[in-house]
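Here's a quick briefing for anyone meeting this structure for the first time. Have a look at the picture, then read on.

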Amino acid sequence: SRCVYVTAKPRKGLKLRIGDCSDGKRQPARFQFPEGNRGPIKLAEDPSFCLNHPRPGILQLWSCNANSKHLDFTLHSEPSGWIGMPHWDLRDKDDAENMDASDLK
């Protein structure tokens with residue numbers, strides 16, 4: 001299982017890190033999902049910041065007030081038989097489980 005981590009004080013352009021959820025050394029970031037499963041995903045710690053995906057392999061925080069198509073996510077439920085939170089999905093090569101997380105130790 002992979003989690004998203006905010007490694008510094010939230011700010012516009014802060015790149016997020018993706019790593020294993022089970023190490024117990026850090027708390028993963030928490031997010032507010034959009035109603036209707038489509039729209040911006042807000043950082044629970046500071047809802048003025050949203051997830052932003054400006055290009056493949058990049059996941060960062062950005063101002064939720066920005067006019068950007070890169071803030072718009074569509075959430076899909078897990079397949080039946082799985083218990084989990086809804087998630088956003090990128091093209092296969094850009095999926096979170098395939099992103100570089102070598103900086104997380």
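**The disulfides**

Let's start with one cysteine: Cys 3 is buried, with a relative accessible area of 15% (buried means under 20%, exposed over 50%, and partly exposed in between, using a 1.4 Å probe and protein chains only). Keep in mind that this is a predicted model, where local features need pLDDT of at least 70, side-chain atom pairs count only at pLDDT 80 or more, and totals for chains, interfaces and linings use all residues. Residues are numbered from 1 along each chain as its sequence is written, and side-chain values use heavy atoms, with hydrogens and water left out.

- Searching the whole structure turns up two disulfides (a disulfide being a pair of cysteine sulfur atoms within 2.5 Å).
- Cys 3 is joined to Cys 21, with an S to S distance of 1.8 Å.
- Cys 3 sits in strand E1 and Cys 21 in the loop between E2 and strand E3 (31-32), so this pair ties together parts that are 18 residues apart in sequence. Strands (E, at least two residues) and helices (H or I, at least four) are DSSP runs, numbered from the N terminus.
- The torsion about the S-S bond of Cys 3 and Cys 21 is about 115°, so that disulfide is right-handed.
- With a torsion of about 105° about its S-S bond, the Cys 50 and Cys 64 disulfide is right-handed.
- Both Cys 50 and Cys 64 are buried.
- If you number the bonded cysteines of the protein chain in sequence order, the pairing reads 1-2, 3-4.

**The chain as a whole**

- The protein chain has zero helices and nine strands.
- Following the sequence, the pattern is β-β-β-β-β-β-β-β-β.
- Of the 105 residues in the protein chain, 32% are buried.
- Among contacts with a separation of 6 or more, 41% are between residues 24 or more positions apart (contact means heavy atoms within 4.5 Å).
- The protein chain has an accessible surface of about 7200 Å², and 47% of that belongs to carbon and sulfur atoms. Such areas come from the Shrake-Rupley method with a 1.4 Å probe, and for residues only the protein chains shown count as cover.

**Salt bridges**

- Side chains of opposite charge can pair when their charged atoms come close.
- The count here is two salt bridges, each being a side-chain nitrogen of Lys or Arg within 4 Å of a carboxyl oxygen of Asp or Glu.
- One of them brings together the side chains of Asp 20 and Arg 2, at 3.1 Å from N to O.
- This pair links distant parts of the chain, with Asp 20 in strand E2 (residues 17-20) and Arg 2 in strand E1 (residues 2-5), 18 residues apart.
- Asp 20 is partly exposed at 43%, and Arg 2 is partly exposed at 32%.
- Asp 72 and Arg 38 form a salt bridge too, their closest N and O atoms being 3.0 Å apart.
- Asp 72 lies in the loop between strand E7 (60-63) and E8, and Arg 38 is in strand E4, so the pair ties together parts that are 34 residues apart in sequence.
- Asp 72 counts as partly exposed at 37% relative accessibility, whereas Arg 38 is exposed at 52%.

- In strand E8 (residues 73-76), Phe 73 and Leu 75 make up the covered face, while Thr 74 and His 76 make up the uncovered one.
- E8 pairs with strand E4 (residues 38-39) in the antiparallel sense over two bridges; pairing requires DSSP to find at least two bridges between the strands.
- Opposite Thr 74 in E8 stands Arg 38.

- Asn 52 belongs to strand E6 (residues 49-52) and is buried, at 3% relative accessible area.
- Beyond residues up to four places away in sequence, Asn 52 touches several others, including Trp 62, His 70 and Phe 73.
- Gly 13 is in the loop between E1 and E2 and is partly exposed at 24% relative accessibility.
- Leaving aside neighbours within four places in sequence, Gly 13 contacts Gln 60, Leu 61 and Trp 62.
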